[in-house]
Amino acid sequence: MNRLHSGTSFLRRQRGFTMVEALIAFVVLAAGLLALLSFHSATQKTNSDAKMQAEAVALAESKLQELESYLTDGDGRLDEGVTTDTFEGLLATYTWTSTVEDIDDDGAGGTQKKVT
């Protein structure tokens, strides 16, 4: 009889999780979720930075095409000097700085310009 009683007691203790086991499982799950949240946050920032860089490149290409379209030497926009302009993009405000300098006088009344 004593043996039957100890076996029943053993089965009764093994039916479910103890509070400590449940608490440890919760802590492990919470740590995993925090790691995923941190990874998601870093990914979102990287994605946002990439979008801003793509927008900045598109605006810079647009400005370079505009500068290439200045065909006459008398155009005041190609005078030597430094020009700064601000562009309002969808994601940020960008600043464009260009330096125009004469690099060669071809002797035929025209000059070559270098824009950086």
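Lys 63 lies in helix α2 of a predicted model; helices (H or I, at least four residues) and strands (E, at least two) are DSSP runs, numbered from the N terminus. Lys 63 is buried, since its relative accessible area is 11%, where buried denotes under 20%, exposed over 50% and partly exposed in between (1.4 Å probe, protein chains only). Glu 55 and Leu 67 of α2 are likewise buried. With residues up to four places away in sequence set aside, Lys 63 touches Asp 85, Phe 87 and Trp 96, a contact being heavy atoms within 4.5 Å.

The 50 residues of α2 should span 74 Å at 1.5 Å a residue, and the 73 Å between its end C-alpha atoms agrees with this; the expected span is 1.5 Å times one less than the number of residues. Helix α2 covers residues 19-68 and includes Ile 24.

In the protein chain as a whole, 2 helices and 3 strands are found, in the order α-α-β-β-β along the sequence. Buried residues account for 10% of its 116 residues. Among contacts with a separation of 6 or more, 30% join residues 24 or more positions apart.

Mean pLDDT (the predictor's confidence in each residue, from 0 to 100) is 78 for the chain, with 71% of residues at 70 or more. Among the elements, α2 has the highest mean (90) and α1, residues 2-13, the lowest (55).

Residues are numbered from 1 along each chain as its sequence is written. Local features require pLDDT of at least 70 and side-chain atom pairs 80 or more, totals for chains, interfaces and linings use all residues, and side-chain values use heavy atoms, without hydrogens and water.
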